[in-house]
Amino acid sequence: WSLSPTGEKTPVDIEDLMKIRWGNTNQTSTTTTPTTSTSSTSSTTTTTAAATTTAPATTTTASTTTSVSAATNHFPMVVELHLTEAGNFISEEEICRQVKKFQDNFPPNRKFGLKLVAKVTTDMDLLNNKVLFVVKLLPSFPIIVEVTYERLVVLSSLQNSFLLNSSVYPAIKYYIKRGDEGICLSDLTKLLDYLKIYKGIEAVVTLCIERPYPNLQAILQLLRGQHELIRVIIISLERAPKDIVSSMQSKLKQSLEERKAAQILYE
């Protein structure tokens with residue numbers, strides 16, 4: 001939704017959002033979006049330079065049965081498709097089935113952004129081919145591909161890399177804690193220099209933060225200064241997966257030690 005100075009709300013199409021042209025760079029504009037998904041709930045802030053909006057948005061994943069009523073105007077701007085299951089890539093037939101299911105839930109000619117996620121895989125050639133297959137299925141739709149910096153380096157070396165396609169937006173996720181602002185700034189500077197190799201490429205950057213919050217002033221200034229390259233900045237309140245796993249392992253170890261101590265005391 002776009003909120004006008006008079007307070008009137010009008011719907012914003014995903015195509016318009018991805019094609020926004022930056023205006024006065026001295027103005028700060030932010031979209032605060034509580035994002036709901038089937039796997040986790042997090043508060044996200046999307047920074048663009050054209051409008052200030054506050055609204056709920058839903059990310060729909062293909063792993064669940066989703067029904068969107070055509071009787072309302074409330075449709076998700078972005079739907080999420082997981083290209084892997086249990087570490088293996090899904091078939092092209094399954095991709096077609098899930099994409100068709102998404103399209104059936106939208107009115108005719110209504111476009112949406114498709115976010116592709118491929119976790120726990122090291123086969124970048126196959127990932128690249130799967131993304132190109134989706135691009136052929138939805139040639140005029142914005143495709144968002146979530147990648148890490150390391151994956152981006154490998155994918156860019158491929159001759160037919162999907163990074164050469166103007167409808168594909170690489171989405172780089174960066175987890176940052178308080179005290180690591182300098183490291184993040186250095187890494188993102190290198191990333192921006194690397195992306196500039198591709199003429200016309202546009203990307204999305206997600207900064208994942210947790211309490212206590214880091215100081216993002218210098219980082220956002222860097223990213224907003226590259227507005228022709230970084231089209232959308234998302235600030236997401238979430239913990240790094242490795243921190244969650246480490247915390248669970250620590251609690252499990254503590255629980256086992258307590259049980260062992262209790263058993264010894266009982267004997």
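This is a predicted model: local features need pLDDT of at least 70, side-chain atom pairs count only at pLDDT 80 or more; totals for chains, interfaces and linings use all residues.
Helix H2, residues 92-104, has 13 residues and extends 18 Å from its first C-alpha to its last, close to the 18 Å expected at 1.5 Å a residue. The secondary structure of the chain amounts to seven helices and 14 strands. Of the 267 residues in the chain, 41% are buried.

- Among contacts with a separation of 6 or more, 69% are made by residues 24 or more positions apart.
- The chain exposes about 15,500 Å², and carbon and sulfur atoms supply 53% of this area.

- An α-helix has 3.6 residues a turn, so residues three or four places apart point the same way.
- In H2, the buried residues are Ile 95, Gln 98, Val 99 and Phe 102. Viewed down the axis of H2, these buried residues fall within an arc of 100 degrees, so they line one face of the helix.
- Glu 93 and Asp 104 are exposed on the face of H2 turned away from its buried side.
- Helix H6, residues 217-224, has Ile 219, Leu 223 and Arg 224 as its buried residues. Because they fall within an arc of 125 degrees when seen down the axis of H6, they line one face of that helix.
- Gln 217 and Gln 221 are exposed on the other side of H6.

- In soluble globular proteins, nonpolar side chains tend to be buried together.
- The largest nonpolar core contains 52 residues, and those with the most contacts inside it are Leu 83, Leu 114, Leu 116 and Ile 143. Helix H3, residues 124-137, contributes the largest share of this core, namely six residues.
- Leaving aside residues up to four places away in sequence, Leu 116 touches Leu 81, Leu 83, Val 131, Val 134, Ile 143, Ile 144, Val 145 and Glu 146.
- Another core, of five residues, lies apart from the largest one; among its members are Tyr 169, Ala 171, Val 204 and Val 232.

**Aromatic pairs**

- A pair of aromatic rings is described by the distance of the centres and the angle of the planes.
- The structure holds three aromatic pairs. One of them, formed by Phe 102 and Phe 112, is edge-to-face, at 6.4 Å centre to centre and with 65 degrees between the planes. Phe 102 belongs to helix H2 and Phe 112 to the loop between H2 and strand S10 (113-117), so the pair ties together parts that are ten residues apart in sequence.
- Phe 102 counts as buried because its relative accessibility is 4%, under the 20% limit. Phe 112 is likewise buried, with a relative accessible area of 1%.
- Phe 106 and Phe 112 form a stacked pair, with 4.6 Å centre to centre and 25 degrees between the planes. Both Phe 106 and Phe 112 are buried.
- Ring pairs join Phe 102, Phe 106, Phe 112 and Phe 141 into a cluster.

**Backbone features**

- Most residues other than glycine have a negative phi, and most peptide bonds are trans.
- The peptide bond from Arg 211 to Pro 212 is cis, with omega near -5 degrees. Pro 212 is located in the loop between strand S13 (203-209) and H6.
- Ala 86, although not a glycine, has a positive phi of about 55 degrees. Ala 86 lies in the loop between strand S8 (84-85) and strand S9 (88-89), and it is exposed, with a relative accessible area of 83%.

Note on methods. Residues are numbered from 1 along each chain as its sequence is written. Side-chain values use heavy atoms; hydrogens and water are left out. Helices (H or I, at least four residues) and strands (E, at least two) are DSSP runs, numbered from the N terminus. The expected span of a helix is 1.5 Å times one less than its number of residues. Buried means under 20% relative accessible area, exposed over 50%, partly exposed in between (1.4 Å probe, protein chains only). The arc is that of the directions from the helix axis to the C-beta atoms. A nonpolar core is a set of buried Ala, Val, Leu, Ile, Met, Phe, Trp, Tyr and Cys residues joined through side-chain atoms within 4.5 Å. Contact means heavy atoms within 4.5 Å. Accessible areas come from the Shrake-Rupley method with a 1.4 Å probe; for residues, only the protein chains shown count as cover. Rings of Phe, Tyr and Trp (its six-membered ring) pair if their centres lie within 6.5 Å; planes under 30 degrees apart count as stacked, over 60 as edge-to-face and the rest as tilted.
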